[in-house]
Amino acid sequence: MTFQDNVRRFLIGGMHIHAGFADADTRIRVMTALRRHMPLLHALSASSPIADGRETGFKSWRLTLVGGLPRTGLPRALDSRAAYDRLVAEYRRRDFIGDRI
């Protein structure tokens, strides 16, 4: 299995929200607009500074832990579904992903 060690360490709890939108372009615009709020959203979702029974040195360990997995983090800002489709096509061409998930 690819990234075995990273996945073994990936023991976190959290909550996320799914939101539906009438069309893909609206979804992309909302996601892009929310980017400016990411520091606040991250602070609100901060997880424990302790992992494996020890202090990590971070106020929130989750973002650091997730950073060890592939396909994480924020993609560049997008302005339409067409831009998203181009990004997915580029990721597929480079063999970064096999599907949209």
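Colleague: What order do the elements run in from the N terminus?

Modeller: They go α-α-α-β-β-α-α, with helices (H or I, at least four residues) and strands (E, at least two) taken as DSSP runs numbered from the N terminus. Mind that this is a predicted model, where local features need pLDDT of at least 70, side-chain atom pairs count only at pLDDT 80 or more, and totals for chains, interfaces and linings use all residues. Residues are numbered from 1 along each chain as its sequence is written, and side-chain values use heavy atoms, with hydrogens and water left out.

Colleague: Why is Ser 80 called buried?

Modeller: Buried means under 20% relative accessible area, exposed over 50%, partly exposed in between (1.4 Å probe, protein chains only). Ser 80 comes in at 17%, so it counts as buried. You'll find Ser 80 in the loop between helix H4 (62-66) and helix H5 (81-93).

Colleague: What is Ser 80 in contact with, leaving aside its neighbours within four places in sequence?

Modeller: Asp 25 and Ile 28, contact meaning heavy atoms within 4.5 Å.

Colleague: And why is Leu 34 called partly exposed?

Modeller: Its relative accessible area is 41%, and partly exposed is the class between buried and exposed, so Leu 34 belongs there. Leu 34 lies in helix H2 (residues 24-34).

Colleague: Which residues make the nonpolar surface patch?

Modeller: Leu 34, Met 38, Leu 40, Leu 41, Leu 44 and Leu 74, over about 570 Å². Helix H3 (residues 38-44) gives the largest share, four residues.

Colleague: How much of the protein is buried?

Modeller: Buried residues are 16% of the 101.

How values were computed
Patches are made of residues with over 30% relative accessible area and no salt bridge: like charges are joined within 9 Å, nonpolar side chains (Val, Leu, Ile, Met, Phe, Trp, Tyr) within 5 Å. Accessible areas come from the Shrake-Rupley method with a 1.4 Å probe; for residues, only the protein chains shown count as cover. A salt bridge is a side-chain nitrogen of Lys or Arg within 4 Å of a carboxyl oxygen of Asp or Glu.
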